[in-house]
Amino acid sequence: IKFCYVENDGTPQNMMYLTGLKNIFSKQLPNMPKEYICRLVYDRRHRSVALVKRSGTVIGGITYRSFPLQGLGEIAFCAVTSTEQVKGFGTRLMNHTKEFARTKDHLSYFLTYADNNAVGYFAKQGFTKELSMERERWHGYIKDYDGGTLMEFAIHPKICYTQ
Ligand code: ACO
């Protein structure tokens, strides 16, 4: 298994990974319009971390928008394919995403609107419902979205999340 940091740079390999992610998100997040998933996954301001099997098959991933000036990332989608859930991949995926965000994007925070059934998963990954960030830092950047719980994770600049 490997964790690949993917952006839309037009390379065939990355386009294949992004298409794999788009298909998993469409299936695992049925309340999200497919066009919306498509738009964000291929958007150049978004970054993704793909969980890829040895065979090359994508089995999960996370897509987030990076706001470099604010030092924050908004996790838009997070999913693992149904046959591979509850095996610990979701936790490893989040750890690698934190590590890429820290070392490649130099982000200080992640924010996400967690679906109600995913609040427990995000809480296990260290996300909290109380935001330590001042509202001015994120308001107007992060999309308002009802039906979810806004959660925050502060990325420590010196902690390695994958060891
Ligand atoms: N509620 C509560 N706890 C959960 C949930 C949940 N829905 N899902 C996983 N957990 C717990 C597990 O029990 C585990 O706890 P443990 O470490 O004490 O054993 C821990 O979280 C991590 O479990 P993993 O096996 O690492 O997680 P998994 O590989 O199953 O991935 C994920 C979790 C991504 C939420 C997966 O279940 C999934 O794809 N679900 C469907 C899509 C979804 O709901 N995505 C999030 C939507 S919100 C958004 O995308 C912004």
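1. Contacts along the sequence. In this predicted model, 64% of the contacts between residues at least 6 apart in sequence join residues that are at least 24 apart. Buried residues account for 33% of the 163 residues in the chain.

2. Overall dimensions. The radius of gyration of the chain is 15 Å, and this agrees with expectation because a compact globule of 163 residues would have a value near 15 Å. Taken along the principal axes, the box filled by the C-alpha atoms is roughly 45 × 35 × 30 Å.

3. Secondary structure. The chain contains 5 helices and 6 strands, and when these elements are read from the N terminus on, their order is β-α-α-β-β-β-α-β-α-α-β.

4. Surroundings of the ligand. The shell around the ligand consists of 23 residues, of which Gln85, Gly90, Thr91, Ala118 and Gly120 are the closest. Two or more residues of this shell are given by each of four elements, namely strand S4 (72–80), helix H3 (89–103), strand S5 (109–115) and helix H4 (119–124). Strand S4 provides the largest share, with 5 residues.

Note on methods: Residues are numbered from 1 along each chain as its sequence is written. This is a predicted model: local features need pLDDT of at least 70, side-chain atom pairs count only at pLDDT 80 or more; totals for chains, interfaces and linings use all residues. A residue is near a molecule or strand if its C-beta atom, placed from the backbone, lies within 6 Å of it. The radius of gyration is taken over C-alpha atoms; the globule rule is 2.2 Å times the number of residues to the power 0.38. A residue is buried if 20 or more other C-beta atoms lie within 10 Å of its own, exposed if 12 or fewer, and partly exposed in between; C-beta atoms are placed from the backbone. Two residues are in contact if their C-beta atoms, placed from the backbone, lie within 7 Å.
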